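Welcome! Take a moment to look at the model shown here, and then we can walk through its cavities and the contact between its chains together.

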Amino acid sequence: MYIITNFVDVIPSKDAIEAYRISGKANLGVLVGVINKYAEGLIASFLQSDYGGLNAGIYVASIKNNCFHEEDVKAKIKDALEKYREERVARGLPVDESLNVNNIKIQTLSISSKSYVVTNLLNNFLNKVIPKELQCPPRPNERSAICLDIDFLEREFWSKNIIKRDERFVNFCNDYSNLCRDSGSDCSKFFKVVKCITMRFQHVDSEQEEIYLVLRHYYRRLSYLDLKTVIDYTRSKSIDLNNLRGVYVNYRTSKDSTQACKIVSINNSELELECEGRYIPIDISKLDKDSITITPTYSISREFICKYLCKEFDKHKDLNRLYPSEYFSILENDLEIVRRIISEPVIGGVHFSIDRVLKRLEARL
Amino acid sequence: MKLLTVFKPTDFKFKFANGTSVNAYSIINLKPLSRSPIYERSIEGVDKYKSMLILYRQDKEKLAKKLLEDMKNGLYENKKIFPGFNRALGTNIEINSNSFSSYEPDKIYDVYIQHGSPDKVFPLIVLPKVNRSMYDSIYYRTKATFLAKDIPSQVVTEDLLGNDNTYRWSLLPISVQIFAKMGGIPYALDRSVIRIKDLSSTTITIMGLGISAHPLNRRRGVGFVTLFDHEGVWNFMDSQVLSMDKQEDMSEKIAELLEGSISKILSKNPKKNNILIIHYSGKEIGWREEEAIRNAIRNAKSMNKFASVYVLKIRDSDIIIGHYDGPHKAGDGTITWYPPVGATFQLKPDVYTMVTTGYFDLGKDASTSRIKANINVGLPTTKIIARHREVEVLNQEFEISDEDLLSTVFGMCRLNYVAIGNPVSKEPVTIRYSREIAWITLRLMENRIDVSKLGRVSYVMWFL
């Protein structure tokens, strides 16, 4: 008897990677983000406390086939800090003055290519290597996820016989074409059902150190429920705008944050939101795209969507109702998609190849 | 990744007043464990109640009368499934009904209060089905209105009453919940969740600890604790409103919450060696909240009064385990590959993953096929359980193995007074009710009522 998992073996080409440990007086928690965002050819991970024989600090490694010396790394970090500073100043945000290349020490070292730190470097590498256009809108607890629509899968993988067709998805899209393809119909204006594959690297140290890629797929509905578009659509169909009263929306308060608010009144020119007890009047003609979006999480919003926008908007849930026996065969088939998209990560001069099969374990259950 | 063990539901039987069983439905024959709180004798339990009042909107009389008849006399079609509230639970409670005019919590409360003393009448309220994710729903508003007066209540939905298939199987679980909210202990585990040589001089407390954010205002949240003994017997709960944007404030308030709970635990067991096992929920929280929890555990001064303190973080996992050609089959004969519930794997030292939905075998106590599953279709779920030694208080004399610590999680997954047909819940009871506790605490706090100051509700499981 054996068990099957959603783990995939990750096999490094060498036992150790070449890396750099950064320590010093700089705010390391912020610095790691700066390196990952702005430093070209580098990837970084922050170890907050000593772990696995390594001291706390930022661990940095080159990516792809780059090869750097300590002074190159320092120069790249210096460039990254300048870009960070410029961007913060341009946005009128405070700059962390501890972030200065003179406040850091760099030390070259080699670390086990199956260590916890390397797992984190690989995870941060994923965010850099996955093409932006394939990345899913983030969800809590998902590190990296790709969203693939049926046309993309057909064009890039199925028609080229790289992998077998996902008949489950194909049949669904044949039945509910408006939910899968850009047909210009009501549902397709607001929704698209895609295959979402989440991935992250997992460090395991039960008998010996290993790194696995943990994959999961599910069928997901992407929603484009910009309120302005919904209002325009509602008007074009002569639907009473008052039906939007009580609907919950995400109101963008700044670049990075939104607030859950309720529409309390609406007419042709303006609407009023209730946000945490505050009432905010909004001029509909001045609404920016995506500044307010309907959230389908709440039942009143769902009732509105179901009644006026797309009756079948929840149908994708049926796709996710399957047994592990079927699930694992689809996942193993999809593994090749992931292998092609992230290719073979190269970190600190080591190639990490990803196996073609899911991990199976002998176990007496 | 290696298999550590498979915890089996049959190794965690339930203890009732007159015997033990693997099946919670045995409560009908074996009767509830206790009619009053075991750890708070000053609180009167089920016997304080003279009656139960079913409250319903005028136009739902037909549904309410059906519920009234069945609660009184047992399920009309099959009394073996449900013999009636009093016969099932060995109580002597009068059951009545009365209508209200509209779905307004104050109006419902007014009708309730006109029909007797809140000390003696338990409210069973029929409401429309609402999405539990709606903070403003009639469900939470009504629960909070009653709770503000220190009155736990039970809600049943009109949808449930109208669906014969689910209704017939829900009567016993509803009754068990009411029994627990009245202050009774329906059942507990027939064993200690961990193996300690000398239980006579040792007290083991299992604490659930978590933070939940306000659904509409992320800057506000609630920290909560729930306390159980080593057999899963309910002890008490407490909660505190937090400012989520101030990490230090969060830590301080949670430390206060811990201090208060610790002093209650220790005052009840002054001479014993006290062991505390904390399950903290990593659900819905970010690293700041987590850090606040860990700092609070580290900084709570009374923590070192325990002989030892163990800390487990429990969170949802994306790991999927399939039992290749496993024994479970769906109704149509399909082999599902569900893994056994309780299968636990080690990922690395102190980090484990445990299957909480999958198949199980209740052995000879099962009525039909032996192999069943606590999931109909979809993927089995697993939890990641990580031990946080850096904030533990360790003592060699009271050392507990990782397997025993994990068994506290599985044991607490066994305890379920809501879906009693499910032998293992997805989450341990210690952290399962974080949303209910948080949302009602927040709602009460908005009306300037501090849950921890209410006399009765700290000692009954009002959040079920």
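What volume does the largest cavity have? This is a predicted model, and in it the largest cavity has a volume of about 60 Å³. A search of the whole structure finds 5 cavities of 30 Å³ or more.

**The largest cavity**

The lining is made up of B:Y39, B:T203, B:I204, B:T205, B:F228, B:D229, B:N235, B:I265, B:K268 and B:N269. Two or more of the lining residues come from each of strand 9 (202-213), strand 10 (220-229) and helix 8 (247-268) of chain B. Strand 9 of chain B has the largest share, 3 residues. Sorted by class, this lining holds 4 nonpolar, 4 polar and 2 charged residues.

**The second largest cavity**

Next comes a cavity with a volume of about 40 Å³. Around this second largest cavity you will find B:K143, B:F146, B:L147, B:I151, B:P152, B:S153, B:I440 and B:W462. Helix 5 (residues 138-147) of chain B gives the most to this lining, with 3 residues.

| Cavity | Volume | Lining by class |
|---|---|---|
| Largest | about 60 Å³ | 4 nonpolar, 4 polar, 2 charged |

**Where the chains meet**

Now let us turn to the interface. How many residues does the contact take from chain A and from chain B? Chain A gives 38 residues and chain B gives 40 residues. Between them, an area of about 3600 Å² is buried, and carbon and sulfur atoms give 60% of it.

There is 1 salt bridge across the interface of chain A and chain B. In a salt bridge, the side chain of A:R200 meets that of B:D318, with 2.7 Å from N to O.

On the side of chain A that touches chain B, the elements giving two or more residues are strand 1 (2-12), strand 7 (191-205), strand 8 (209-223), strand 10 (258-266), helix 9 (299-309) and helix 11 (324-342) of chain A. Strand 1 of chain A gives the most to this side, with 6 residues. By class, the residues on this side of chain A divide into 21 nonpolar, 9 polar and 8 charged.

Conventions. Residues numbered from 1 in each chain as written. Chains lettered and ligands numbered in written order. Predicted model: local features only at pLDDT ≥ 70, side-chain atom pairs only at ≥ 80, totals over all residues. Heavy atoms only, no water. 1 Å grid on protein atoms, 1.4 Å probe; cavity = no way out; pocket = protein on both sides within 12 Å on 5 of 7 lines; lining within 4 Å. Points joined across faces, edges and corners; volume = space filled by probe spheres on them. Helix = DSSP H or I, 4+ residues; strand = E, 2+ residues; numbered from the N terminus. Nonpolar A, V, L, I, M, F, W, Y, C, P; charged D, E, K, R; others polar. Contact = heavy atoms within 4.5 Å. Buried area = accessible area lost by both parts, 1.4 Å probe. Salt bridge = Lys/Arg side-chain N within 4 Å of Asp/Glu carboxyl O.
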